[in-house]
Amino acid sequence: MEPRLPPNDHTIMTDASQRAGAILTIDLDAIIANWRFLDARVSPGARAAAVVKGDSYGLGAAAIAPALLAAGCNRFFVATLDEGLALRPLLGQADIAVLSGPLPGCEEDFLEAGLLPVLNSRDQVDLWRDLAHNRGRSLPSVLHVDTGMSRLGLRYAEAESLAEDGDTMAAIAPVLVMSHLACADDVAHPMNRQQLVAFRAARALFPGIPGSLSASSGIFLGPEWHADWCRPGAALYGLRPNDQGPNPMTPVVRLDARILQVRDIDAGECVGYGATHRADRRGKLATVGVGYADGLFRTLGNCGWGYLGEHRVPLVGRVSMDLVVFDVTGLPAGLAKSGAMINLIGQGNSLDDVGKAAGTIGYEILTALGNRYHRHYLGGSRS
Ligand SMILES: *Cc1c(COP(=O)(O)O)cnc(C)c1O
């Protein structure tokens, strides 16, 4: 048994959004709009699936995947068996493919839950074939071939010998042959075409089976990369697919954190652990109740920022576990006060901006978002 905190039997006078130190707003309609935009953008005949691994990149797959299903998406990718098991009851008959594939001993769980295993190695192929033999029927799967990423997937020679093994091919009945691009966010990278050529060669081994090559960024490389199914994740959640021009995706996430207190600081006084910020003049500080335990990267110390209304306010000092301090000197009277919200992710500070400032990528900002936020879903079937 997992140890659990005892049930809370106090009478709570406030609602959760009032109590929360910070509110994470997730716009389901924006996610749906992004999926529709991508599904319309891929070549005629191709479709967009939805990658909802990592709890939909930290935003809540239990809300997002059913909203996408209702919008017409009927193929989903998760990373792990447990993620697939959790989503199965929420997604009707839609395909759920599990990118990590079956671990030895877990293959029956895929079958019982109606999950499609992605077969990434000859070992996984054999595991699935043996189960199919054991059940006396062919069992559908997704076949992953490596085209240059050297992470998961059959090497070309392995794919070639599998293609010649008619008995195994009949048993594992692939519904999709997939691969994954290593450098698609860099549109000029030579790997993009090399992998496309390698993917075409691998697909030629399996005539008649639909193909899938591109995730979010690959969709923007052009129609040659679209094959039959694209697998966007990041772009659904508003992340920028590449550095070309303005971000075509609609923003999905907004994070607002409450000011706990406003205080004066004199010239020469320091802020936070390590005293890494020293005020050079009299000023005002706003202390906010979020920190690195909420996924606010510690690397944002002295370089992050937020918005109080229209005003950009610099993050000063280090990020603590549960607290962070902003310099609100010189703002119009009454703006900085306890209970007011500072926007940490939003219009003037996109996930990609915050990722860059933190020395990482927007993907990591998203998946690090903590569990202490009050989560507010807009739109979808909940509205
Ligand atoms: C994570 C992942 C995706 C989605 O990638 P994005 O860049 O988030 O669109 C697609 N395919 C595979 C194999 C992945 O691991």
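Contact here means heavy atoms within 4.5 Å. With that in hand, here are the legends; the model they go with is a predicted one.

Figure 1. The C-alpha trace spans about 80 × 55 × 40 Å along its principal axes. Of the 383 residues, 49% are buried. If you take contacts between residues at least 6 apart in sequence, 65% of them join residues at least 24 apart. The protein exposes about 18100 Å², and carbon and sulfur atoms supply 52% of that area. On the charge side, there are 34 positive and 40 negative charges, and their mean positions are 6 Å apart.

Figure 2. Strand E7 covers residues 141-144, and His144 lies in it. Is His144 buried or exposed? Its relative accessibility is 7%, so His144 counts as buried, the cut-off for buried being under 20%. Leaving out residues up to four places away in sequence, His144 touches Val118, Leu119 and Asn120, then Leu152, Gly153 and Leu154, and also Met178, Ser179 and His180. For a sense of scale, Lys356 is 212 residues from His144 in sequence, and the two C-alpha atoms are 32 Å apart in space.

**Figure 3. Three tyrosines, Tyr57, Tyr237 and Tyr363, form one aromatic cluster.** The structure holds 3 aromatic pairs. In one of them, the ring centres of Tyr57 and Tyr237 are 4.9 Å apart with the planes at 40 degrees, so this pair is tilted. Tyr57 sits in helix H3 (residues 53-57) and Tyr237 in the loop between strand E10 (229-230) and strand E11 (253-265), so the pair ties together parts that are 180 residues apart in sequence. Both Tyr57 and Tyr237 are buried. The rings of Tyr57 and Tyr363 pair up too, with centres 6.1 Å apart and planes at 40 degrees, so that pair is tilted as well. Here the link runs from Tyr57 in helix H3 to Tyr363 in helix H13 (residues 362-368), 306 residues apart. How accessible is Tyr57? Its relative accessible area is 6%, so Tyr57 is buried. Tyr363, at 36% relative accessibility, counts as partly exposed.

Figure 4. The charged end of Arg75 sits over the ring of Trp229, 4.5 Å from the ring centre. In the other view, the charged end of Arg312 sits over the ring of Trp305, with 4.2 Å to the centre.

Figure 5. At 21% relative accessibility Glu83 counts as partly exposed, because buried would need a value under 20%. Which residues does Glu83 contact, leaving aside its neighbours within four places in sequence? They are Lys53, Gly54, Asp55 and Val78. Gly54 is 29 residues from Glu83 along the chain, and their C-alpha atoms are separated by 7.9 Å.

Figure 6. Most residues other than glycine have a negative phi. Ser56, though, has a phi near 55 degrees, a positive value in a residue other than glycine. Ser56 has its place in helix H3. With 0% relative accessibility, Ser56 counts as buried. Ala227 has a phi near 45 degrees, again positive and again in a residue other than glycine. Where is Ala227 found? It is in the loop between helix H11 (216-219) and E10. Ala227 has a relative accessible area of 23%, so it is partly exposed.

**Figure 7. Helix H4 and the glycine just after it.** Helix H4 covers residues 61-70, and its buried residues are Ala61, Ala63, Ile64, Ala65, Ala67 and Leu68. An α-helix has 3.6 residues a turn, so residues three or four places apart point the same way. Just after H4 comes Gly72, with a positive phi of about 115 degrees.

Conventions. Residues are numbered from 1 along each chain as its sequence is written. This is a predicted model: local features need pLDDT of at least 70, side-chain atom pairs count only at pLDDT 80 or more; totals for chains, interfaces and linings use all residues. Side-chain values use heavy atoms; hydrogens and water are left out. Buried means under 20% relative accessible area, exposed over 50%, partly exposed in between (1.4 Å probe, protein chains only). Accessible areas come from the Shrake-Rupley method with a 1.4 Å probe; for residues, only the protein chains shown count as cover. Lys and Arg count as positive and Asp and Glu as negative; His and the chain ends are not counted. The place of a charge is taken as NZ of Lys, CZ of Arg, CG of Asp or CD of Glu. Rings of Phe, Tyr and Trp (its six-membered ring) pair if their centres lie within 6.5 Å; planes under 30 degrees apart count as stacked, over 60 as edge-to-face and the rest as tilted. Helices (H or I, at least four residues) and strands (E, at least two) are DSSP runs, numbered from the N terminus. A charge sits over a ring if NZ of Lys or CZ of Arg is within 6 Å of the ring centre and within 35 degrees of the ring normal.
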